[in-house]
Amino acid sequence: MFDILEKESLNANVTRMTIAAPLIARKAQAGQFVIVRACGQSERIPLTIADSDADAGTIRIIYQIVGAGTMELDTLKTGQELCDLAGPLGKATETDGLRRVCVVGGGVGCAIAYPVAKKLYQQGAAVYSIIGFRHKDAVILQDAFEKVSAQSVLMTDDGSGGEKGFVTHALKRLILEGNPLDHVFAVGPLVMMKSVCEITKQYGIPTTVSMNPIMIDGTGMCGGCRLTVGGETRFACVDGPDFDGHLVDFDEVIRRNRMYSAFEQTRREEICRLFQKEC
C-alpha cells in the first residue's frame, strides 16, 4: 500500500525515501511528521515529512541510520512497501506574517528545517539559511537550501566544507551585521538548539525549535518526549513538535534523552546480529 518509489543515499548514514501516500501528501504541512513501521515487528518511528507532492501523491522522509528502527527501515528497497505509515501528525509550523527569517539546521535536523525554509520562501519571505555538519562528507540538502534562500551558509566543524565553525558563529555574525530578523527557526541536536536560543534571547529575536529529535512513539502515550516549557509539562508529539525555544528547559531534556542510550545500544546490537552487519 505504501510503496517505496525511490530510495537514495544522501551520505554514508542518511537515506531519503520517496513513498506513495496520496492521502498524507494531500494534507501534509511543514513541521508535521509521520509514524513509520518498516516490518511487522519493527519499532514505530516518528519521522518528519521532509517534502510532499500532493499532485503526485508522494511524501519524502529522510532518516539517519543510527538505531534499530532505522536499521530495519533501511533494509527495505525500492519497489517494496512499508508495513505501516500514519500521518500527518503534529502541529504545522507557524510562519504567517514573517518577512525576514533565519532557518538554522544541524546535521540530519536539516531534513526538518528544509520544509520550513521552503514554506517561508513560497510565502515571499527573505530566508537566511545556516546549515552545519561535522565534515563535508556529512553534508545533505545544501543545494535545496540554496534554492529557497536569499543567503545560505554552510558550516563544518573541521572546515572541510564551507566555513569552519558552528552554526552559532554564522548566526551571531548575521545578527551583528545588522540584518533585522523577525524570527529564527532552529532544528538539530539539543545542545545546538540550546546554544542558538541563548544567542537569540540575548538579542530579543523570537525563536522556534523543533523537538522532533526527542520523540519516540509519536502519540503521547510513552511519555518519552515529555519536556518543560515555560514551567509547564508538554509533550513534543502532541503539543508540538514546535515550541518557543526561549521557554524550553533544555538541560532537563538533555538529561532525559540520555536515559535511553543503553537500551538503544542493546537493540542496535540485536539488529546487527540479525542482519549480519558490522556496527
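Student: Which residue of β6 stands opposite aspartate 3?

Tutor: Aspartate 3 stands opposite glutamate 81 in β6. This is a predicted model, in which local features need pLDDT of at least 70 and side-chain atom pairs count only at pLDDT 80 or more, while totals for chains, interfaces and linings use all residues. Residues are numbered from 1 along each chain as its sequence is written, and side-chain values use heavy atoms, with hydrogens and water left out.

Student: In what sense do strand β1 and β6 pair, and over how many bridges?

Tutor: Strands are DSSP runs of E with at least two residues, helices are runs of H or I with at least four, and both are numbered from the N terminus; two strands pair if DSSP finds at least two bridges between them. Here strand β1, residues 2-11, and β6 pair in the antiparallel sense over two bridges.

Student: What is the order of the strands in the open sheet with antiparallel pairing?

Tutor: Its seven strands follow the order β6-β1-β2-β5-β4-β3-β7. At the edges stand β6 (81-82) and β7 (84-89), each with a single partner strand, so one side of each is left without a neighbour in the sheet.

Student: What is the order in the open sheet whose pairing is mixed?

Tutor: That sheet also has seven strands, and they run in the order β11-β10-β9-β8-β12-β13-β16. Its edge strands are β11 (163-164) and β16 (242-244), each of which pairs on one side only. Within this sheet, strand β8 (residues 100-106) and strand β12 (residues 183-187) pair in the parallel sense over five bridges, and valine 104 stands opposite alanine 186 in β12.

Student: How many aromatic pairs does a search of the whole structure find?

Tutor: A pair of aromatic rings is described by the distance of the centres and the angle of the planes. The search finds one such pair. The rings of tyrosine 114 and phenylalanine 145 have centres 5.7 Å apart and planes at 75°, so the pair is edge-to-face (rings of Phe, Tyr and Trp, for Trp the six-membered ring, pair with centres within 6.5 Å; planes under 30 degrees apart are stacked, over 60 edge-to-face, the rest tilted). Because tyrosine 114 lies in helix α3 (residues 110-122) and phenylalanine 145 in helix α4 (residues 142-147), the pair ties together parts that are 31 residues apart in sequence.

Student: Are tyrosine 114 and phenylalanine 145 buried or exposed?

Tutor: Both tyrosine 114 and phenylalanine 145 are buried (under 20% relative accessible area, with exposed over 50% and partly exposed in between, for a 1.4 Å probe and protein chains only). Lysine 118, which is also found in helix α3, counts as partly exposed at 22% relative accessibility.
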